[in-house]
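Thanks for coming, everyone. Please have the sequence and the model on your screens, and follow along as I talk.

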Amino acid sequence: MIKLNDLLHLTEEQAAKAKVKFNRDNGNDNPIDIYKSNPDLINKQWLYWRNKNRYFDVGQIAICLVKIRSEYWLLTTIDTVDEELDVLNGINYKGTPLSEYQGYFGRTIIKFHKSFQTQGVNYTTIADELEVCQILPDTFDDDDFPGYDKVNLSYSQLKSILDRGKKDWIAALESQKAVYLITDTNNGKMYVGSATSSYGMLLQRWSNYAANGHGGNKELKRLVDSEGIEYVQSYFRYSILENYNSRVDDAVVLERESWWKNILLTRTFGYNDN
């Protein structure tokens, strides 16, 4: 077992003033998805956000871990806490990343079974349980294309994949026609759509949704106009019902789109209006 401190080599004095902040899905946002598109939001906002509890004192060492899945966490930064801002329900601290550990940020995966509710815990309390299970060759990604039948993306995941130009996803989507499903996890409503050669295949259709939240669809546009794109960002998920190669006639795809609308009743109970 390789412990985190086998990498960090914190002295007893440093370890005594170090504290670990565990960040995980709060029911609205999953920090590992946010980290992949904007690490600063995790390292500044999530690490240093204060509600009721004061997580740090000035001079402490702040170790930020973000949950990947199950018992696996990603080390995103190690800071010295420079200043407390006396902010409640906001960013309450300022810190400076420790440059000697920079090479481990976003690359070090820690295995730890978290059995307590509190987010912040003294490093010395759990140091012997923080197991280094992998150091990645590059910054954490974990977005490899899983196959058409296993696509299930949140808005933030979809936008991150497209913004970063993930080659495996781009290759998988740019040449495919498809019938796809958008699900509103807030109210259960669904939208069935199709991607054909007329609309630039699946890549172009989903790029439109990532850009404005509605992709030009009447009911979705009405929703974005009334609730804002933040609603889409919080609640929408994207999956593929059926996919076809570029040689399949568009008429076949459109027929299957209509069939799925009938099966899922999305004209009656969802966001489809035709």
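**A helix, a pocket and a sheet**

Let's start at the pocket. Helix α6 contributes the most to the lining of the largest pocket, with six residues. Keep in mind that this is a predicted model.

How much space lies in that largest pocket? About 510 Å³. Its lining is made of 22 residues, and those closest to the centre are Asn28, Asp29, Ser154, Ser156 and Gln233. Now sort the lining by class. You get four nonpolar residues, 11 polar ones and seven charged ones.

Let's zoom out for a moment. The chain has 274 residues, and 46% of them count as buried. Its secondary structure comes to 12 helices and 13 strands. The C-alpha trace spans about 70 × 40 × 30 Å along its principal axes. Now take the contacts with a separation of 6 or more. Residues 24 or more positions apart account for 67% of those.

Back to α6. This helix runs over residues 155-163. Which of its residues are buried? They are Tyr155, Gln157, Leu158, Ser160, Ile161 and Leu162. What covers them? The cover includes the helices α3, α7, α8 and α10, plus the strands β10 and β13. After α6 comes Gly165, and its phi is positive, near 60°.

Next, look at α3, residues 31-37, part of that cover. I picked two residues here. Ile34 sits in helix α3. Is it buried or exposed? A residue counts as buried under 20% relative accessible area. Ile34 has 15%, so Ile34 is buried. Leave aside its neighbours within four places in sequence, and Ile34 touches Asp29, Pro39, Leu41, Ile42 and Trp46. Now find Gln157. It is 123 residues away from Ile34 along the chain, yet their C-alpha atoms are separated by 8.3 Å.

The second residue is Lys36, also placed in helix α3. Its relative accessible area is 13%, so Lys36 is buried too. Which residues does Lys36 contact, beyond its neighbours within four places? Phe140, Asp141, Asp142, Asp143, Ser160 and Arg164. Ser160 is one of the buried residues of α6.

Now the sheet. A quick reminder: strands of a sheet pair through backbone hydrogen bonds, either parallel or antiparallel. Ours is an open sheet of four strands, in the order β10-β13-β11-β12, and the pairing is antiparallel. Which strands are at the edges? β10 and β12, each of which pairs on one side only. Neighbouring strands are turned by 25° against each other on average, direction ignored.

Strand β11, residues 176-184, pairs with β13 in the antiparallel sense over nine bridges.

Our α6 lies across β10 and β13, and it runs at about 90° to β10. Helix α11, residues 250-264, packs on the sheet and touches β11, β12 and β13. The direction of α11 makes about 175° with that of β12.

Definitions and conventions
Residues numbered from 1 in each chain as written. Predicted model: local features only at pLDDT ≥ 70, side-chain atom pairs only at ≥ 80, totals over all residues. Heavy atoms only, no water. Buried < 20%, exposed > 50% of the residue type's maximum accessible area, 1.4 Å probe, protein only. Helix = DSSP H or I, 4+ residues; strand = E, 2+ residues; numbered from the N terminus. Contact = heavy atoms within 4.5 Å. 1 Å grid on protein atoms, 1.4 Å probe; cavity = no way out; pocket = protein on both sides within 12 Å on 5 of 7 lines; lining within 4 Å. Points joined across faces, edges and corners; volume = space filled by probe spheres on them. Nonpolar A, V, L, I, M, F, W, Y, C, P; charged D, E, K, R; others polar. Pairing = 2+ DSSP bridges. Axes fitted to C-alpha atoms, helices over the stretch in contact; angles between N-to-C directions.
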